[in-house]
Amino acid sequence: MAFEPPERLVRALGETYGDDVAARWLGQLPALAEAAVAERDLTVDRVQAPGGRSSLVLLVRCPDGTPAALKLAPAEARPELERAALTHWKGWGATQFLDASPSDSLLLERLHPEVSLRSLPEAKALLEAAGTLRRLWVEPPVSHGFESVAERTERQAAAMRGELPEDVAPLAEAALAARSELTMSPSEEFLLHGNFRQSKVLSGGRSPWLTVGPEPLVGERAYDLARLVRDRVEDLIAAPSGAALARRRVNKLADALDVDPARLHGWTLFRAVESGLRARTAGRTQESELLLEFAGWL
């Protein structure tokens, strides 16, 4: 099967898993895609571009003509956990898992990838995002294999510790202190999306808005909501009263979803700083500066 993987995927795989892992999987990708398509007798419409940062998505049609999306991801991305989460949600707030193939590829309900919540005015987008996220927060399945918020953030925190440039050290220390306090007193355990933001919520056929691309874990809702707080960060930074708007958004979303605003504030700080430092390491300077400035406002 001849195709070029989207540039964003190639770049992000190297940043996340290392160039050797990325090169090995990308080299195998045409054969993996061909096998997954043949296994299900699918017809390929096109590669979704720019696509995601950890997987290739082919827009396909099933033998009966039903449109679907075929997702292929390296083992390091743990596609089996996405499969488990989507199976548990059963299409409630999320795209549906369409088959029970044991392969690493996922055949999913096709949504409209060109229409996400980012196409809506900000206030409406946040309202719809909150409603979608609320539906995902359910009890995790018994004997699940998902990591906890504490486990995931400990790995992230380990990468943040150590010698840091003077301009970011105080902010990193504040974020690490917030994370330490939050994980000492976990308040609840729900199945979480793990990477929820407006661009992960797409227009659907059976429901107006459905989420895609979970990186599932279990823990408190404030962690999941924290990524949504900084959506459209570039607009917040550009606004004359951006700092006040950012703090107001924390309180507004916490109130709308019945989450402790102090815990949401702490997780928003940690996740923004962690993402900002990771972007700096990867050379995404502009993204890093926006995130760290936003974090400084909190």
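## Helix 11

In this predicted model, helix 11 has 13 residues, which at 1.5 Å a residue should span 18 Å. The C-alpha atoms at its ends lie 19 Å apart, in agreement with that expectation. Helix 11 covers residues 285-297.

The buried residues of helix 11 are Ser288, Leu291, Leu292, Phe294, Ala295 and Trp297. The cover over these residues includes helix 6 (169-184), helix 7 (221-229), helix 8 (233-238), helix 9 (242-256) and helix 10. In general, an α-helix has 3.6 residues a turn, so residues three or four places apart point the same way.

## Helix 10 against helix 11

Helix 10 spans residues 261-281, and its axis comes within 8 Å of the axis of helix 11. The two axes cross at roughly 155 degrees. An angle over 145 degrees counts as roughly antiparallel, and helix 10 and helix 11 are therefore roughly antiparallel to each other. Their crossing is left-handed. On the helix 10 side the contact is made by Thr268, Leu269, Ala272, Val273, Ser275, Gly276, Leu277, Ala279 and Arg280. Helix 11 contributes Glu287, Ser288, Leu291, Leu292, Phe294 and Ala295. Among these, Ser288, Leu291, Leu292, Phe294 and Ala295 are also in the list of buried residues of helix 11.

Thr281 also belongs to helix 10. Its relative accessible area is 73%, so Thr281 is exposed. Thr281 and Glu15 are 266 residues apart in sequence, while their C-alpha atoms are 9.2 Å apart in space.

## Helix 9 against helix 10

Helix 9 packs on helix 10 at an angle of about 125 degrees, and the axes are 9 Å apart. Helix 9 and helix 10 are therefore oblique to each other. The crossing of this pair is right-handed, whereas that of helix 10 and helix 11 is left-handed. From helix 9, Val250, Asn251, Leu253 and Ala254 meet Pro261, Leu264 and His265 of helix 10.

The loop between helix 9 and helix 10 holds Asp258. This residue is not a glycine, yet its phi is positive, at about 55 degrees. With a relative accessible area of 60%, Asp258 is exposed.

## Helix 4 against helix 7

The axes of helix 4 (residues 122-136) and helix 7 come within 12 Å and cross at roughly 160 degrees. That makes helix 4 roughly antiparallel to helix 7. The crossing is right-handed. Leu126, Ala129, Ala130 and Leu133 on helix 4 meet Asp224, Leu225 and Leu228 on helix 7. Helix 7 is also one of the elements that cover the buried residues of helix 11.

## Helix 2 and the residue after it

Helix 2 runs over residues 19-40. Its 22 residues should span 32 Å at 1.5 Å a residue, and the end C-alpha atoms are 31 Å apart, which agrees.

Asp41 follows helix 2 and lies in the loop between helix 2 and strand 1. Phi of Asp41 is positive, near 55 degrees, in a residue other than glycine. Asp41 is exposed, with a relative accessible area of 53%. Most residues other than glycine have a negative phi, and most peptide bonds are trans.

## Two prolines

The peptide bond between Ala49 and Pro50 is cis, with omega about 5 degrees. Pro50 sits in the loop between strand 1 and strand 2.

Pro79 is in helix 3, which covers residues 79-89. Its relative accessibility is 5%, so Pro79 counts as buried. Leaving aside neighbours within four places in sequence, Pro79 is in contact with Ala73, Pro74, Asp104 and Leu106. Pro79 and Glu215 are separated by 136 residues in sequence, and their C-alpha atoms are 8.9 Å apart.

Key
Residues are numbered from 1 along each chain as its sequence is written. This is a predicted model: local features need pLDDT of at least 70, side-chain atom pairs count only at pLDDT 80 or more; totals for chains, interfaces and linings use all residues. Side-chain values use heavy atoms; hydrogens and water are left out. Helices (H or I, at least four residues) and strands (E, at least two) are DSSP runs, numbered from the N terminus. The expected span of a helix is 1.5 Å times one less than its number of residues. Axes are lines fitted to C-alpha atoms, for helices over the stretch in contact, and angles run from 0 to 180 degrees between N-to-C directions. Angles under 35 degrees count as roughly parallel, over 145 as roughly antiparallel, 65 to 115 as roughly perpendicular and the rest as oblique. A crossing is left-handed if the near helix is turned anticlockwise from the far one by less than a right angle, and right-handed if clockwise. Contact means heavy atoms within 4.5 Å. Buried means under 20% relative accessible area, exposed over 50%, partly exposed in between (1.4 Å probe, protein chains only).
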